[in-house]
Amino acid sequence: MTALTNDQTATGAEEQISATLVNPYLNHAVRMLEAGYATATDIDHAMRFGCGYPKGPLMVIDELGAATVRDALAARFAETGDHLHQPADLLEKAAAEGLTLAGGEAGDHAAPQVRRPVATVGVVGTGTMASGIVQVFAQSGYDVVVVGRAQEKLDAVVTGIARSLERAIAKGRSDEATKQAVLGRITTATGREALAAADLVVEAIAEDLAIKAELFTDLDRICKPGAILATTTSSMPITELATVTGRPQDVIGMHFFNPAPVMKLVEVVTTEHTADHVDETVKALCAKTGKVAVSCGDRSGFIVNALLFPYLNDAVRLAESGVDLTAIDAAIKERAGFPMGPFELLDVVGNDVSLAIQQELHREFGEPGFKPAATLEAKVAAGELGRKTGRGFHTYA
Ligand code: CAA
């Protein structure tokens, strides 16, 4: 046997970590395609533009070869017996018949058109996502009304956007006149009545169905007829929000990704009630704001979270088994080419948010392998939520 150098051992370990975490994610993407939940193009776009991955999962399988991925999963399944590691039927078929899985680039469809004119956008909420969404629309030339409960929080949204625009100026990507124009399009209000004239309202408040339902009941009372009412929820049933209003045809999901000004994806979620021209208008607006829209049904996790969070949860389990988490982060960036390691990303998203999403996926899909990892639960119980508390899986100054 040839002795391995330290470098070769390290590379082998990285490859193993990456394969352990990435192969089940690839399998899961094939299952999503085979179930008809989303198109191949949308699955690949979702992971590229929502998480900054260099390639979508189906494209990765095509490059590696379906048979290679199938064989790796089959070997793993033989060890674990976990259904999540059992090669998807469609992967077996692709391997046997030499088929490719990825779709083409969009382009075979006519570009979506704005079917309802939108000039003024209302955003409800003052958190990270709300603030990012305000910036996205204001930068794209829309007048934005931000509604929050406290004026200090509304002021903080505007200050945060001003700071972001100043960073862009410092980098030579923007100028003072643009900054003033963007800020000049933003107005704030503590009363929801300010949304009466909005053509589109995007809700980005607490992930709590009762709180969101109360808001949608109020939006139904306040907003003008024909206004599009969008939620940014990542885990609540949108149909339930639609049906508290008298205009379920106007209710839709617009799921943005963190950080919203940077990540290009919006998952556009329709319910069985959503009007086609509302879906088309929202997709056209996404294009006008430089975003890539994908179509999703009203199901927990949509495309990205359903594929991303089980992988993050698996990373926590791998660390529980004794693998150093810094080594896991490094292996994923180095081998899979993802922009952040799983623990870095968990700390950005927040362990509380991640746990809630994972619990929701576990409930919806009933996969035993989706059970939230004990350490994720412990981190949340200990208040170690990630960057926002200064400590999560990593510690921040
Ligand atoms: N707001 C505005 N701009 C920001 C920003 C923020 N919060 N963070 C970074 N940027 C900008 C920077 O200013 C920089 O802009 P320029 O290119 O114009 O200079 C650009 O983004 C790149 O930033 P950096 O060079 O500082 O950092 P980076 O190259 O490491 O990229 C990143 C940062 C884009 C966030 C990258 O690490 C990445 O793609 N990470 C993956 C994030 C991810 O997976 N998000 C999805 C999470 S899941 C979710 O959001 C859904 C849910 O329901 C929870």
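This is a predicted model: local features need pLDDT of at least 70, side-chain atom pairs count only at pLDDT 80 or more; totals for chains, interfaces and linings use all residues.
**Getting started**

Before you click on anything, here is the total to keep in mind: the structure holds 24 salt bridges. We will visit three of these pairs and then a network.

**Stop 1: Arg335 and Glu15**

Select arginine 335 and glutamate 15, and show their side chains. They meet in a salt bridge, with 3.5 Å from N to O. Now colour the helices that hold them. Arginine 335 belongs to helix 13 (residues 325-336) and glutamate 15 to helix 1 (residues 6-34), so this pair ties together parts that are 320 residues apart in sequence.

**Stop 2: Lys212 and Glu207**

Next, select lysine 212 and glutamate 207. Their closest N and O atoms are 3.1 Å apart, and the two residues form a salt bridge. Is lysine 212 buried or exposed? Its relative accessible area is 0%, so lysine 212 counts as buried. Glutamate 207, on the other hand, is partly exposed, at 37% relative accessibility.

**Stop 3: Glu360 and Arg363**

Move on to helix 15, residues 351-365, and pick out glutamate 360 and arginine 363. The salt bridge between their side chains has an N to O distance of 2.4 Å. How far apart are the two residues along the helix? They are three residues apart, which means that about one helical turn separates them. With the surface on, compare the partners. Glutamate 360 has a relative accessible area of 18% and is buried, because the cut-off for buried is under 20%. Arginine 363 is exposed, at 58%.

**Stop 4: a network**

Now select five residues together: Arg192, Glu193, Glu214, Asp218 and Arg221. Salt bridges that share partners join them into one network. Show the side chains and trace the links from one residue to the next.

**Stop 5**

Then turn to residues 301-396, where the span is 62% helix and 0% strand, with 28 Å between the end C-alpha atoms.

Terms used. Residues are numbered from 1 along each chain as its sequence is written. Side-chain values use heavy atoms; hydrogens and water are left out. A salt bridge is a side-chain nitrogen of Lys or Arg within 4 Å of a carboxyl oxygen of Asp or Glu. Helices (H or I, at least four residues) and strands (E, at least two) are DSSP runs, numbered from the N terminus. Buried means under 20% relative accessible area, exposed over 50%, partly exposed in between (1.4 Å probe, protein chains only).
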